[in-house]
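Trainee: Please show me how to read the features of a structure, one at a time.

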Amino acid sequence: MKISDFLEFSQADKKLWIAIAVVCGIAILLLSVFATTSPFYWIERFGIAILEMFVPGYLITKLFFDKMAFSERPISLKFIVIEPEIIDKAMVSVTLSVATVQTLYFLATYLRTYGLNVDEDVISSDKLAVAIVLLVIAGAFGIKYYLLRKKSSTPAS
């Protein structure tokens, strides 16, 4: 199986990632100018935020709900027009990321401190969050792989 069996990127997806990059770039630039911290700190923070709060939900959306549409009319500002499917994918991606990653992180943190009686400093919170993100992404790809294999192995009637 190839990656194209799982994901197909459209123009709307490219526009979504360009918009994320532009917004993050402007925010990092402004925070670097007006804050006393290094710009690399803000690049790291925004990178981690996108990795935890957007990427897992985006991949789940691309794998399972790629053709969804909630709204019909584009949002038009003075100089740009935002397509409705871009807004729909962004909203669902953030919602799914919060529903999966943050819930699993809360449960892991709760079990780590109370259930397992392990000190918080033994396992780094950053490493735990990245492990949960990778687990959610691997689970989504595994489920999609299983569904594609099941679909291709069933005889056509």
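Mentor: We begin with exposure: a residue is buried under 20% relative accessible area, exposed over 50% and partly exposed in between, using a 1.4 Å probe and protein chains only. With a relative accessible area of 22%, Ile50 is therefore partly exposed. Please note that this is a predicted model, in which local features need pLDDT of at least 70 and side-chain atom pairs count only at pLDDT 80 or more, while totals for chains, interfaces and linings use all residues. Residues are numbered from 1 along each chain as its sequence is written, and side-chain values use heavy atoms, with hydrogens and water left out.

Trainee: What does the secondary structure of the protein chain come to?

Mentor: Helices (H or I, at least four residues) and strands (E, at least two) are DSSP runs, numbered from the N terminus. The protein chain has 6 helices and 2 strands, and their pattern along the sequence is α-α-α-α-β-β-α-α. Of its 157 residues, 26% count as buried.

Trainee: How many of the contacts with a separation of 6 or more join residues 24 or more positions apart?

Mentor: A contact means heavy atoms within 4.5 Å. In the protein chain, 70% of the contacts with a separation of 6 or more are between residues 24 or more positions apart.

Trainee: Where does Ile50 lie, and what does Ile50 touch?

Mentor: Ile50 belongs to helix α3. Leaving out residues up to four places away in sequence, Ile50 is in contact with Trp17, Ile20, Cys24 and Val55. As for Ile20, 30 residues separate it from Ile50 in sequence, yet their C-alpha atoms are 9.0 Å apart in space.

Trainee: What span should the residues of α2 have?

Mentor: The expected span of a helix is 1.5 Å times one less than its number of residues. Helix α2 has 24 residues and should therefore span 34 Å, which agrees with the 34 Å between its end C-alpha atoms. Its buried residues are Ala12, Asp13, Leu16, Ile20, Cys24 and Ile28. Helix α3, with 15 residues, reaches 21 Å from its first C-alpha to its last, close to the expected 21 Å.

Trainee: Which residue caps the N-terminal end of α3?

Mentor: A polar contact is a pair of N or O atoms within 3.5 Å; within protein, one must be able to donate a hydrogen and the other to accept it, and residues adjacent in sequence count only if both atoms are side-chain atoms. Ser38 is the cap, with a side-chain oxygen 3.2 Å from the backbone nitrogen of Phe40. Ser38 sits in the loop between α2 and α3 and is partly exposed, at a relative accessible area of 34%.

Trainee: Is Ser97 buried or exposed?

Mentor: Ser97 is buried, because its relative accessible area is 0%. Ser97 is part of helix α5, and a polar atom of its side chain lies 2.7 Å from the backbone nitrogen of Gly57. Apart from residues up to four places away in sequence, Ser97 touches Glu52, Met53, Phe54, Val55, Pro56, Gly57 and Gln102.

Trainee: Which residues line the second largest pocket?

Mentor: On a 1 Å grid over the protein atoms alone, a cavity is a set of points where a 1.4 Å probe fits but cannot get out, and a pocket is an open set with protein on both sides within 12 Å along at least five of seven lines; lining residues have an atom within 4 Å of a point. Leu16, Ala19, Ile20, Val23, Cys24, Ile50, Met53, Phe54, Ala90 and Val94 line the second largest pocket. Helices α2, α3 and α5 are the elements that each give two or more residues to this lining, and α2 gives the most, with 5 residues.
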